[in-house]
Structure formats: C-alpha cells, structure tokens
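Take a slow look through this chain, turning the picture as you read. We'll go from aromatic rings to cores, strands and helices.

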Amino acid sequence: MDANKRQRYEKISIELTKLVGGKENIQGVAHCATRLRIVLKDNDLADLKAMEDVDLAKGVFVAGDQVQIIFGAGLVNDVYEVFAEHNNMKNMSLSDLKTVANKKMNPLQRVIKALSDVFVDIMPGILAAALLTGLSGVLGNFAIVKANDTLFGINRLINISSGAIFGFLPLAVAYSACKRFGGRPILGIVIGCIMLSNSLTDAYAAAQGTAEVTTLHIFGLGVELVGFQGGIIVALLMGFVTAKLDLFFEKKVPEVIRLLVSPLLTTLVGALLLFTVIGPAGRGLSSGITNALVWMTQNLGVFGYAVFSGLQQLVVITGLHHIFGAIEAQLLADTGRNFINPLMSVAIIAQGGAVLAYLVMHRKNVKVRELCIPSFISVLFGITEPALFGINLRYRFPIIGGCIGGAVGGVIVYLTNLAAVGFGTTVVPGIALADPAGNGYVNYVIAHAAAITAGFFMTLVLGKFMDKAPAEQVAERASTDTEPAEPAQVQAPQQEIFFGYAAGQMIPMEQVKDETFANKVLGDGVAVIPETGKVYAPADGSVISVFDTKHAICLASSYGTEILIHIGVDTVNLNGKYFEAHVKDGDLVKKGQLLISFDKAQIEKAGYDTVIPMIFTDLDDNRRMEAGAPGSIHTDRAAAVIHKV
C-alpha cells in the first residue's frame with residue numbers, strides 16, 4: 001500500500017471512528033468481500049447518515065446488529081486493515097464478529113431473530129397459500145361460481161391448493177428450522193413427514209373426539225399416535241433438535257459408517273423425542289395458552305376481550321391458533337354465537353394497519369413496497385403470516401403497534417356485543433359471518449376500521465423512536481469519489497463480450513437473494529445458479545485479487561474492464577473451506593481458464609446459497625451492460641456484453 005493511499009485510508013478511519021461514537025463504542029470489526037462490518041456497544045451513538053458521505057463509501061446500513069459500510073471488492077480489504085489497526089482490533093474473523101453481535105441480543109431478541117430466520121425461506125409458500133385462500137373465499141361468495149360447474153371446479157382446486165400448503169406447513173417449518181440451526185435440511189423434511197404421517201390419527205379429528213386414538217406403551221410411558229397438524233411450535237422445536245442431533249452424530253459416528261448410521265440415529269432419536277417429550281410438551285403449551293385466553297374473555301369483561309385480540313396474533317407466530325377452530329365449533333354448538341371470530345378478525349386487520357404504516361415510512365424503498373403490498377392484500381383475506389414474519393415481527397415495532405390496534409378493536413367488539421354465526425373466515429369475507437342482530441354488519445365495519453386505524457397510527461408513533469434502517473434499505477447512492485482504476489493498456493472496442501463463467505442457469509441480478517447484489521450497489525451484472533463447482537474466466541485478462549477466503553475473485557479484462565465474481569451468498573463465513581484457487585494475484589488468464597473450484601454440495605449442505613454473481617464494478621456513463629438471455633449458460637455462450645454509448 002503506497003503512502004498516498006494509506007494516508008487517505010487513515011483519514012477515512014479517523015472519520016469513521018468519530019461517526020460510530022469513538023473507539024470506546026466499538027466492540028468488534030471485520031470485513032467480507034465488499035463491506036466493512038462493525039459491532040457497536042450502542043448503535044444509537046452512530047451517525048449513519050453522515051457515514052454515507054465518508055470518502056469512498058458506497059452505502060451504509062444496519063443488519064444483524066452490525067453496522068455495515070459498503071466500500072467494494074478489494075478496496076474494503078485495505079480500508080479494513082487501516083481501520084482495524086487504528087482501533088487496535090486486527091485479526092478478528094467474521095465469525096468472531098458475529099459472536100460479539102449475538103452477545104448484544106437478549107434471549108427474547110435471539111428467539112425472535114431465530115423465528116424470523118426460520119420463516120424467511122418458506123415465505124413464498126406462505127404467501128402463495130394466503131393469496132389462494134383469499135381468492136377462494138371471495139369466489140365462493142358469488143352465486144355464479146356456485147352455479148357454474150367449471151368455475152366451481154376451478155375454485156375447488158384453488159381451495160385444495162391453499163389448504164394443502166397450510167396443511168403441510170409443519171413440514172416446511174421443520175425443514176427450515178433444521179437448516180437454520182446447521183443440520184441437513186432433508187432430515188428436517190423427514191421429521192416433518194413423520195409429524196404428518198397417515199399412520200397417525202388426524203390431530204383435529206382427535207381433538208373433536210371423532211376418531212379413535214391408538215396408544216403405545218414405551219418405557220412405561222403412554223404414547224398417543226396423534227399427528228401434529230397445525231403444530232408449528234412442535235415443528236420449530238423438532239427442527240432445532242434434529243439439527244443438533246445431526247451435528248452430534250456427524251461428529252461422533254466413525255467416517256466409514258457415517259453415511260448410513262448418522263442419519264438413521266438422528267431420525268430414530270428425533271422420532272422418539274417427538275412422541276415422548278417434545279410433542280406432548282408442545283401440545284401442553286398449546287392447551288395452556290388457548291385455555292388462558294378463553295378464560296380471560298369469559299371472566300375479565302372488556303379487559304379480557306382487549307387482551308385476547310391484542311395478543312392473538314402472537315399466538316399465530318407459534319401456529320397454535322389452528323386450535324381455535326375446535327373451540328369456535330364448541331361455542332357455536334353451546335351458544336349459537338362465536339365471539340372469538342370477530343376478535344381474531346380485528347387482531348388480523350390491525351396487523352395490516354401496521355404493515356401500511358411501515359410502507360408509508362419506507363415508501364421510497366422498492367423492496368419494502370414489494371413485500372408490504374402483497375402482505376397487506378393477504379391480510380384482507382384473513383392471512384397474516386406474510387405480514388407477521390415478513391415485516392412486523394422482523395422489524396419488531398410494527399407488531400407492537402398491530403397488537404395495540406387489535407386491543408382497540410377488541411374493545412369495540414365487546415361494547416357492541418359483536419359475534420359471528422360461523423367460523424373459518426375473517427376480515428373482508430368474514431363480514432358474511434357476522435351476526436346481524438343489533439346492527440352486526442355495521443358494528444363489524446366499525447370495529448375493523450378502529451383496529452386498522454389504531455394499528456396504523458400506533459406503528460407510526462412507535463416508529464419515531466424504534467425504527468432502524470432494515471437491511472433492504474441499502475443506500476443506492478453511486479459514489480462519485482471511487483478508487484481510481486488502472487488505465488487500460490488497449491483502447492476498448494465498441495462492444496466487449498464476457499462469456500459464461502460457470503455452467504448452470506443464468507438469472508437477472510435482481511433475483512439474487514442478497515440486497516447488495518440485487519440492488520446493484522456494487523455495479524450492474526448477471527448471476528448464475530451453478531450446476532458444478534467450477535468458475536472460469538469470462539474473458540482474456542489478468543487477476544487483480546484472489547480473496548484470502550477464495551470465495552471471490554477480481555479480474556481486469558484485456559481492455560481494463562474490472563469484474564468481481566462472487567461465489568455464493570455470505571460464503572465468506574466459511575473462511576476458505578471447500579474453495580480452491582487455481583490462479584493467483586497478477587496472473588494472466590485466457591477466456592475459459594479455470595479460476596476457482598469449490599465443493600458445491602458441501603457448501604449447500606452448510607446452508608449457503610451457491611449462486612454466483614458477476615459484477616462490473618467500474619462502468620462509467622459511457623458504457624452500459626446488456627445481459628444475455630436467462631437460461632442455460634456455458635463457457636461458449638455470452639453472459640453479458642458491454643456497449644459503448
């Protein structure tokens with residue numbers, strides 16, 4: 001590093017140290033391929049807005065209790081070296097940094113983060129089910145749909161599709177939880193299949209007493225063979241336990257028999273724990289929560305109603321809300337009126353109000369709009385999982401605002417004596433179930449209007465104090481003061497072709513599941529979902545830098561165009577494990593030459609996405625990139641073309 005550069009980076013380090021609250025506020029510092037990552041004792045002391053104007057910084061955001069500053073590939077290594085030296089924190093790994101960050105979280109924060117992480121991967125399925133459920137509910141209310149065989153049949157298929165997704169939700173949760181906690185995801189699927197096996201009595205039928213339950217006797221314990229339909233909390237626990245069992249047996253079983261014995265033991269021990277310990281404990285928790293909520297509504301008057309509707313959506317997080325169907329059926333059988341349905345409905349719409357408030361607060365963020373709008377639409381049809389796990393629980397303060405809004409709606413339900421004459425649908429289609437006695441339809445609308453309004457405004461108020469920039473809000477400002485590139489030795493042609501650098505399926509950069517890449521903070525480019533573990537040179541040129549962790553490489557084409565090829569998302573955490581570099585800094589390379597090989601299967605087994613973005617980091621206003629058509633890609637097909645304009 002020459003003296004001029006070092007002086008520049010020292011100035012950056014001094015300014016950053018001041019803006020994060022001083023040396024005494026820094027707990028740890030590390031870097032990945034593009035970002036300087038800092039853990040602070042108190043994030044509130046940091047001036048994030050001012051950091052965006054720091055020399056060479058391309059964006060600033062907070063994610064996972066880390067302040068992350070985007071400098072770009074290669075440059076971040078030099079900035080980190082000087083910054084860490086300035087703050088006496090060199091040689092800290094990224095895993096060390098994450099350990100420090102996790103220590104900042106209290107137990108409740110860690111549980112909430114784990115829940116959010118588990119549901120991120122299965123959100124598309126939940127959202128699909130939500131929209132299909134809402135569509136089926138609306139179509140089912142039209143006489144023309146009921147009268148026309150074709151329309152009736154289509155609506156029936158829609159209903160089956162949505163019900164199937166939710167019916168197998170415990171399986172999806174067990175899979176995602178197992179993956180989240182470091183186990184092999186397929187073993188989570190196996191446990192999920194056991195939970196929903198046809199050999200077990202359906203949980204809903206067993207609860208209603210309409211099916212016979214077989215009891216086994218194991219070690220003196222009575223084990224009831226009842227399925228775990230709706231058992232989300234059991235699935236979460238089993239995903240965690242399965243992951244830990246898998247890691248344990250993979251470590252303890254001798255390698256010569258590991259492939260056969262380790263998954264066998266994980267599944268066997270997991271199944272025994274499911275039926276003897278975790279399943280009964282989960283059902284006991286379910287029963288306790290349900291009984292407590294019903295007791296409150298029956299014995300505490302308006303306060304009980306407010307508490308029920310205020311907390312009901314927290315029950316949805318655990319999946320225990322599915323049990324309310326049996327309770328509602330019993331209420332209707334005993335009294336002919338169901339007070340739980342409108343309480344759940346106002347709790348749902350209040351969470352929708354919280355989503356709208358968050359959308360208003362971050363209306364300029366494209367990713368927020370893409371998430372909030374469909375989530376709110378699903379809320380209108382009574383499905384809140386996309387809103388809860390995608391937004392409200394994720395950013396914490398919206399779920400509090402939504403719960404307060406739900407409590408306000410519950411007060412209106414009590415004061416107007418609102419009830420339903422059926423169950424199974426809520427919010428917009430749920431108005432058809434409202435008991436018309438005592439202006440029931442009007443009261444239904446009033447209660448929902450009060451709940452969504454209260455949820456909206458309470459979220460806005462809480463956001464003034466609790467809102468912190470989410471990971472999606474990566475600054476998209478293009479830096480005008482960037483590290484100068486080496487001058488090209490040869491004048492670039494009108495168009496420069498970059499060929500396939502990995503065999504697989506090419507996708508647009510916007511589809512990469514990482515905000516920095518998807519938002520093109522580092523530059524425009526393309527991405528490949530690889531079929532093999534090999535990365536090749538997309539054009540003739542030279543190697544600028546091979547990262548120490550070997551998960552990324554910087555190249556310059558023979559015309560001086562700079563390229564970053566990044567293998568996987570967050571694979572820097574592997575610290576070079578499963579990667580092998582076949583070139584070194586300064587090497588000249590030819591199109592199609594092998595650059596890096598990696599063990600794709602092991603990286604995916606470790607829970608990482610292996611998508612490979614290729615980013616053009618230094619395109620100026622006189623050049624634009626045209627991506628090749630999505631689809632199968634190889635080294636003889638153009639992946640991208642750079643045009644002079």
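Tyr 305, Phe 339 and Tyr 414 come together as one aromatic cluster. Rings of Phe, Tyr and Trp (its six-membered ring) count as a pair if their centres lie within 6.5 Å; planes under 30 degrees apart are called stacked, over 60 edge-to-face, and the rest tilted. Before going further, a word on where this comes from: this is a predicted model, in which local features need pLDDT of at least 70 and side-chain atom pairs count only at pLDDT 80 or more, while totals for chains, interfaces and linings use all residues. Residues are numbered from 1 along each chain as its sequence is written, and side-chain values use heavy atoms, with hydrogens and water left out.

How many aromatic pairs does a search of the whole structure find? It turns up 10 of them. In one, the ring centres of Phe 228 and Phe 275 are 5.9 Å apart and the planes meet at 55°, so this pair is tilted. Phe 228 sits in the loop between strand S6 (221–224) and helix H12 (232–252), and Phe 275 belongs to helix H13 (residues 255–299), so the pair ties together parts that are 47 residues apart in sequence. Helices (H or I, at least four residues) and strands (E, at least two) are DSSP runs, numbered from the N terminus.

Now try Phe 456 and Phe 457: their ring centres are 5.2 Å apart and their planes stand at 90°, so that pair is edge-to-face.

| Residue | Relative accessible area | Class |
|---|---|---|
| Phe 228 | 3% | buried |
| Phe 275 | 18% | buried |
| Phe 457 | 48% | partly exposed |
| Ile 544 | 41% | partly exposed |
| Ser 262 | 0% | buried |

Leaving out neighbours within four places in sequence, Ser 262 is in contact (heavy atoms within 4.5 Å) with Arg 184, Asp 246, Phe 249, Glu 250, Val 253 and Ile 257.

Next, the cores. A nonpolar core is a set of buried Ala, Val, Leu, Ile, Met, Phe, Trp, Tyr and Cys residues joined through side-chain atoms within 4.5 Å. The largest one has 33 residues, and Ile 553, Ile 565, Leu 595 and Met 614 touch the most other members. Several strands each supply at least two residues of this core, including S9 (524–530), S12 (552–557) and S17 (612–616). A second, separate core has 30 residues, among them Phe 181, Val 234, Leu 245 and Ile 278.

What order do the strands take in the open sheet of eight? Reading across, you get S15-S11-S12-S13-S17-S9-S8-S19, with antiparallel pairing. Strands pair if DSSP finds at least two bridges between them. Strand S15 (588–589) and strand S19 (631–633) are at the edges with a single partner strand each, so one side of each has no neighbour in the sheet. S11 and S15 run antiparallel and are joined by two bridges, and Gly 541 stands opposite Val 589 in S15.

Ile 544 has its place in strand S11. Its C-alpha atom is 9.6 Å from that of Leu 588, although these residues are 44 apart along the chain.

Elsewhere, strand S5 (residues 215–218) pairs with S6 in the antiparallel sense over four bridges. Leu 216 has Val 223 in S6 as its bridge partner. The two strands form a hairpin with two residues between them, and Phe 219 in the turn has a positive phi of about 55°.

Finally, find helix H16 (residues 340–361). Its 22 residues should span 32 Å at 1.5 Å a residue, and its end C-alpha atoms are 32 Å apart, which agrees. The expected span is 1.5 Å times one less than the number of residues. H16 is mostly covered, with 19 of its 22 residues buried.

Zooming out, the chain comes to 23 helices and 20 strands. Of its 645 residues, 50% count as buried.

Key
Buried < 20%, exposed > 50% of the residue type's maximum accessible area, 1.4 Å probe, protein only.
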